[in-house]
Every structure is written in C-alpha cells, then in structure tokens.
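I opened the notebook to go through one protein chain step by step. The entries below follow the order in which I looked things up.

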Amino acid sequence: MNRRDMISTTLKGAALLGIASIPGVAFAKRSTAPYTLAPLPYAYDALEPHIDALTMEIHHSKHHQAFITNLNRVLADSPLLGTPIEELLTRLNEVPANIRQTVINNGGGHANHAFFWSILHKPGPWNEPDRSNAPEFYPAVLEQFRSPGNLFELFDKAAMSVFGSGWAWLVVNADKKLEIMTTANQDSPLMVGKTPVLGLDVWEHAYYLKHQNLRTNYVRTFWSVVNWSAVNAHYKKALS
Ligand code: MN
C-alpha cells in the first residue's frame, strides 16, 4: 500500500466511524461529500395539467439523478468533489482538460435542474409578476422589458429558437441588468458569469410525453407554473 492509498483508506475508515478530521492528515478537512439529489419540494403531480406527473417523476428521479451519478463518478478522485455546484461551474479552469467537458455536461445538468425545480409550482391560478409577489423583480422587468407580457414574448421566442437540446434563461448579467439568453446542451449561464433568475428546460425529455413535438404548447403553458416569489428571491440574491 502506497502513502496515497493509505491516506485514502484511513479517510474512508474515519468517514465510516463518523470522525470529521484526523490530526496530522493534511487532507482530512477537505469536503469530498458526493453530490446528492434533493427531493422535489412538491409532489410530482403538483404541476398538472401543465407538466404531467410522469414527466416530472422521470425528469427528476432519472434524468437529474443521472447527471449527479455521472458527476460523482468523474470527480471521484478530485478535490473538487463536493464544491457547491454553482461555484464548481465558475472554477472549470481548475478541472483537468480530459474530464472538463464531462464535468460541464453533468455539473451543468445538476445545477440547471436544481434551479429549474426551484422556480416551478406556485399556489393559486395563473398570475404575472407584480409588486406584491415580486417586489424587487417586477420593477426590473418594467425597466428592461416595459411589461411582463413583453418579457414573456421575448423569452418564448428565445425558447423556440433553441435548436436541439438546451435551455432558455432570464439572467442577471455583469451590469446587474436582466437579460434573456439561451444555452446549448447543459451549459449553465454561470459559466459565462451570468446568474439565472428564470429558466426553461427545452430538452425533449422535459415535455415530449405530454406535448410530443409541440414545444410551443409547453413553452406557453410554462408560465402557468412559474413561482414569481421564487424568481424574486433568485433576483435579489443575484444582486447581492
Ligand atoms: Mn431536463
């Protein structure tokens, strides 16, 4: 057993015993906890009839889980394992080149889906952002887009323009302004220094069971389930 194996074995033993650190072992305090899938904060059928329960269950428990499983596998021997996922996507230059694209695909997949779940599901009927449900976000929408309706229209166009698999986003950019953008595959806006406040997964797995090839129906119905209070919270955090 070489020294590296010995440290690894010692750390695994310590983890089994619940020991947080071992005096004299340099790497003992490093966080190498694998990424885990958080339960959805609402039921799989909570977004019916707009997004169906079976789609939500497969999307969360299979697709999102697969990104996490693959990310844990590719970072298994890396000190970056366990880095908060948003932070990891801003430190890709530290990821070895031979695994960087796999980390982008699966780390982006993990971050994007965790974000997406966080802005879906709200109590009550269809509504727009306003001064009561989005006190900080709403004025920014007026400033940048003149009205929520204009925002919806431009965002829908962006979502429809994604060729193949990707995402539409509303982000806060470096000038602290709202901006609509798209990303391909599982690329995250965080990779280019932009912070998501609203996002829509337009991979076919996100809508095909219910809407089949009609992405436009899915994009339109998405607005019925957006939680504006959650969007407002992301917006406030992006400005801080
Ligand atoms: Mn997805």
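How many helices and strands are there in the protein chain? I counted 9 helices and 3 strands. I note at the start that this is a predicted model.

**Entry: overall layout.** I read the elements from the N terminus on, and they run α-α-α-α-α-α-β-β-β-α-α-α. The chain has 240 residues, and 43% of them count as buried. I then looked at contacts between residues at least 6 apart in sequence, and 65% of these join residues at least 24 apart.

**Entry: helix H6.** I checked the length of H6, which covers residues 148-161. With 14 residues at 1.5 Å a residue, H6 should span 20 Å, and its end C-alpha atoms are 20 Å apart, so the two values agree.

Next I asked which residues of H6 are buried. I listed Pro148, Leu151, Phe152, Phe155, Asp156, Ala158 and Ala159. They cover an arc of only 165° around the axis, so they lie on the same side of H6. I wrote down the background rule: an α-helix has 3.6 residues a turn, so residues three or four places apart point the same way. On the other side of H6, I found Lys157 and Ser161 exposed.

I then looked up what the buried residues of H6 pack against. Among the partners are three strands, S1 (166-172), S2 (178-184) and S3 (195-201). The helices on the list are H5 (137-145), H8 (215-222) and H9 (228-239).

**Entry: H5 against H6.** I took up the pair H5 and H6, whose axes come within 8 Å and cross at roughly 70°. An angle from 65 to 115 degrees counts as roughly perpendicular, so H5 is roughly perpendicular to H6. From H5, the residues in the contact are Phe137, Tyr138, Val141, Leu142 and Phe145. They meet Pro148, Asn150, Leu151 and Leu154 in H6. I sorted this contact by class and got 8 nonpolar, 1 polar and no charged residues.

**Entry: Asn105.** I moved to Asn105, which is found in helix H4 (residues 97-119). Is Asn105 buried, exposed or partly exposed? Its relative accessible area is 29%. Buried means under 20% and exposed over 50%, so Asn105 is partly exposed.

I also looked for contacts of Asn105, leaving aside its neighbours within four places in sequence, and found Phe67 and Gln186. Last, I checked Asn105 against Asn185, which is 80 residues away along the chain. The C-alpha atoms of Asn105 and Asn185 are separated by 7.3 Å.

Key: Residues are numbered from 1 along each chain as its sequence is written. This is a predicted model: local features need pLDDT of at least 70, side-chain atom pairs count only at pLDDT 80 or more; totals for chains, interfaces and linings use all residues. Side-chain values use heavy atoms; hydrogens and water are left out. Helices (H or I, at least four residues) and strands (E, at least two) are DSSP runs, numbered from the N terminus. The expected span of a helix is 1.5 Å times one less than its number of residues. Buried means under 20% relative accessible area, exposed over 50%, partly exposed in between (1.4 Å probe, protein chains only). The arc is that of the directions from the helix axis to the C-beta atoms. Contact means heavy atoms within 4.5 Å. Axes are lines fitted to C-alpha atoms, for helices over the stretch in contact, and angles run from 0 to 180 degrees between N-to-C directions. Angles under 35 degrees count as roughly parallel, over 145 as roughly antiparallel, 65 to 115 as roughly perpendicular and the rest as oblique. Ala, Val, Leu, Ile, Met, Phe, Trp, Tyr, Cys and Pro count as nonpolar, Asp, Glu, Lys and Arg as charged, and the others, Gly among them, as polar.
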